[in-house]
Amino acid sequence: MADLIRFAHRDDVPALVHLAHAQFGTIHPFTDGNGRTGRALVHAMLSVRQLTGHITVPISAGLLVNTGSYFDALTRYRAGDPEPIVRQFVDATFYAVGTGRRLVDELCAVRAAYRERTIARADSVVWPLIDSLIAQPVVTGSYVAESFGISGVAAQRAVDRLVECGVLREISQRARNRIWQADGILTALDDFAAGRSGVGSAVSSATTAARSSRPGRRGASPV
C-alpha cells in the first residue's frame, strides 16, 4: 500500500491514464468495497490534480456501463496489459462528461417547468425554494425555515403553495415531522443513476404534475 500511495502522488503520469485505481483493486486490501474505494480514488486524484473543482464527474457510471468489459480490462491489467483499462478509463471520462451535461440540462428543464407553473409574488420565497430543490429535493418545514431565515408559518405557506402547483408532494402522511419531495428532480436523478438520462421523462413528470394544479399567472398570489 505504501508503494501505491507513492505511485498515486506521481505527477509525471497523466491523470486520465493513471492506474492507481486499478492497482488498488489488484492489491484488494479489504474483504469488501475494493472496487468502490478504487473508483473513489479516481475522483480524489482528479481533484488533487485540479481537473475537477466543485463537481464530481461521474466517471464510475461510465466504467460500469459495461461491467463485463470493465472487469475484463482489470483482469488483463493484472496479467500485465495496461492498455484495456486505460482505454476503459478514457472512454468512461467522455461518457461521464456527456451524461453529466445531459443531467444538468434535464435538471434545468425541470426547474423551468416548476417555475412556469408556480403562482406567487415576484418576491416570494417560493422562487429561491424552487431553485434550492435541485440540491435538496426532499424537504421539511424546518429545513425551509432555517435555509431561508423565515418563520415556520411562512415556510409552511411556501411549501403549501408548491404542493398546490404540483412542484412538491407530501410523502410522510403524518401530522408532525412532515416531509415533501420534488418528484421531477428525483426522477431525473434516478434515470441518470440507471443510465436512462433524457430530458423528456422528468420534464414530462414535472409538467404533468403541474397541470393537475390550479392554473394562473405569476404575481396573482399573496404568498
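Biologist: What percentage of the 223 residues in the protein is buried?
Modeller: Buried residues make up 40% of the 223. Buried means under 20% relative accessible area, exposed means over 50%, and partly exposed lies in between (1.4 Å probe, protein chains only). This is a predicted model: local features need pLDDT of at least 70, side-chain atom pairs count only at pLDDT 80 or more, and totals for chains, interfaces and linings use all residues. Residues are numbered from 1 along each chain as its sequence is written, and side-chain values use heavy atoms, with hydrogens and water left out.

Biologist: Why does Arg6 count as exposed?
Modeller: Its relative accessibility is 55%. The cut-off for exposed is over 50%, so Arg6 qualifies. Arg6 sits in helix H1, residues 2–8. Ala20 is 14 residues from Arg6 in sequence and 9.9 Å away in space, C-alpha to C-alpha.

Biologist: What makes up the secondary structure of the protein?
Modeller: There are 11 helices and 3 strands. Both are DSSP runs numbered from the N terminus: helices are H or I of at least four residues, strands are E of at least two. From the N terminus the order is α-α-α-α-α-α-α-β-α-α-β-β-α-α.

Biologist: Why are H2 and H3 called roughly antiparallel?
Modeller: Helix H2 (residues 20–27) and helix H3 (residues 34–48) pack at about 155°, with axes 8 Å apart. Axes are lines fitted to C-alpha atoms, for helices over the stretch in contact, and angles run from 0 to 180 degrees between N-to-C directions. Under 35 degrees is roughly parallel, over 145 roughly antiparallel, 65 to 115 roughly perpendicular, and the rest oblique. The angle of about 155° is over 145, so H2 and H3 are roughly antiparallel.

Biologist: Which residues make the contact between H2 and H3?
Modeller: H2 supplies Ala20, His21 and Phe24. H3 supplies Asn34, Thr37, Gly38, Leu41, Val42 and Met45. Contact means heavy atoms within 4.5 Å.

Biologist: How do you know that S2 and S3 pair?
Modeller: Two strands pair if DSSP finds at least two bridges between them. S2 and strand S3 (residues 179–181) have 2 bridges, in the antiparallel sense, so they meet the rule. Glu170 stands opposite Trp180 in S3.

Biologist: What makes S1 and S2 edge strands?
Modeller: The open sheet of 3 strands runs S1-S3-S2, with antiparallel pairing. Strand S1 (138–140) and strand S2 (169–170) each pair on one side only.
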